Amino acid sequence: THFGFRTVRKDDKETLVGEVFRNVADKYDVMNDFMSGGIHRLWKDHFISSIAPSPTTQLLDVAGGTGDIAFRFLDYIKSRHGGLGSANVKVVDINPAMLQVGRERALKMGYPADSPHISFHEGNAEHLVDIPDASVDAYTIAFGIRNCTNVDQVVREAYRVLKPGGRFTCLEFSSVHNPLIRGVYDLYSFQVIPVLGQLVANDRASYEYLVESIRKFPPQIEFARMIQDAGFTVVGQGWEDLTFGVAAIHSGFKV
Ligand code: SAM
């Protein structure tokens with residue numbers, strides 16, 4: 001720590017991220033609600049609707065953590081189509097503690113450990129070693145890609161595992177452009193979030209890291225370019241802003 005700023009070397013990032021999510025795994029879901037005032041739920045619901053999965057969709061949810069996206073995916077198909085059919089989601093995350101929370105949630109929701117619809121796997125978004133080329137219909141990554149060391153490698157790996165016609169969709173914090181709203185948002189991020197992290201989770205450093213990682217992530221247009229550089233075809237500008245750009249959904253098709 002140097003004048004309150006932690007400088008992170010690239011090769012240390014994976015270790016640091018591991019530590020952060022090990023620290024927050026138990027309280028992760030409660031803290032999300034608390035910090036975002038529940039808005040992350042609306043973003044995630046919208047994210048799933050924009051993918052519009054069907055009872056045949058094979059989804060790979062990377063950095064899937066405690067299963068928020070996976071459970072929404074299954075709920076959406078059940079409520080829209082009246083049943084799950086052969087729908088399947090594989091949740092991949094680098095952190096065993098997050099996956100464990102996800103597995104327990106799955107059991108509570110009535111999905112056994114050997115469910116044909118959902119499974120949890122340890123793995124790195126940059127090298128999805130157990131996922132064959134052109135094997136999934138849809139790839140999602142929500143609030144995970146900014147934690148990865150090589151973002152462009154993650155996007156290229158997504159391209160590799162998708163079937164032709166498949167779609168990459170990413171939900172991530174992004175950049176607020178309206179100066180007034182940006183002022184309020186900065187105040188909240190830098191002044192309020194670390195204090196809430198201290199008070200509620202007794203862990204100020206992890207929440208300082210989260211805020212810092214949001215600031216370092218490339219703005220909408222740059223990330224959209226990275227997606228195209230990996231080979232994806234984007235529709236329109238390639239992203240949709242949510243809540244003034246606090247978050248954004250980027251997507252691209254492998255044609
Ligand atoms: N997708 C979930 C959600 O939206 O609630 C979890 C998001 S959580 C903020 C970020 C997740 O990314 C953590 O579970 C962390 O372990 C995972 N992660 C970080 N780096 C990763 C990597 N290189 N490969 C796979 N997962 C990673």
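In this predicted model, 20 residues surround the ligand, and the closest are Ala63, Gly65, Asn95, Ala125 and Ala142. Two helices take part in this shell: helix H1 (10-24) and helix H4 (68-81) each supply at least two of its residues. Sorted by class, the shell around the ligand holds 11 nonpolar, six polar and three charged residues.

We can turn next to the sheet. Strands of a sheet pair through backbone hydrogen bonds, and they may do so in a parallel or an antiparallel way. Here seven strands make up an open sheet, and reading across it gives the order E3-E2-E1-E4-E5-E7-E6, with mixed pairing. What is found at the edges of the sheet? Strand E3 (118-122) and strand E6 (239-242) stand there, each with a single partner strand, so one side of each has no neighbour in the sheet. From one strand to the next, the twist averages 15°.

At one of them, strand E2 (residues 88-93) and E3 run parallel and are joined by five bridges. Within this pair, Val91 stands opposite Phe120 in E3. Helix H5 (residues 96-108) packs on the sheet here, where H5 touches E2 and E3. The direction of H5 makes about 165° with that of E3.

Asp241 stands opposite Ala248 in E7. E6 and E7 form a hairpin with four residues between the strands. In this hairpin, Thr243 takes a positive phi near 45°.

The helices also pack against one another. Two packed helices are described by the angle between their axes and by the distance between those axes. Helix H7 (residues 179-201) and helix H8 (residues 204-216) pack at an angle of about 150°, and their axes are 7 Å apart. Because angles over 145 degrees count as roughly antiparallel, H7 is roughly antiparallel to H8. The crossing of these two helices, H7 and H8, is right-handed. On the H7 side, Ser189, Phe190, Ile193, Pro194, Gly197 and Gln198 take part, and they meet Arg204, Ser206, Tyr207, Glu208 and Val211 in H8. By class, this contact of H7 with H8 has five nonpolar, four polar and two charged residues.

H7 also meets helix H2 (residues 28-36): the axes of H2 and H7 come within 11 Å and cross at roughly 140°. This angle makes H2 oblique to H7. The crossing of H2 and H7 is right-handed. Which residues of H2 and H7 meet? Met31, Phe34 and Met35 in H2 meet Ile193, Leu196, Val200 and Ala201 in H7. The class count for the contact of H2 with H7 is seven nonpolar residues, with no polar and no charged ones.

The axes of helix H3 (residues 39-51) and H4 come within 10 Å and cross at roughly 55°, which makes H3 oblique to H4. H3 passes H4 in a right-handed crossing. Lys44, Asp45 and Ile48 in H3 meet Asp68, Ile69, Arg72, Phe73 and Tyr76 in H4. By class, the contact of H3 with H4 has four nonpolar and four charged residues, and no polar ones.

Methods: Residues numbered from 1 in each chain as written. Predicted model: local features only at pLDDT ≥ 70, side-chain atom pairs only at ≥ 80, totals over all residues. Axes fitted to C-alpha atoms, helices over the stretch in contact; angles between N-to-C directions. Parallel < 35°, antiparallel > 145°, perpendicular 65-115°, else oblique. Left-handed = near helix turned anticlockwise from the far one by under 90°. Contact = placed C-beta atoms within 7 Å. Nonpolar A, V, L, I, M, F, W, Y, C, P; charged D, E, K, R; others polar. Pairing = 2+ DSSP bridges. Near = placed C-beta within 6 Å.
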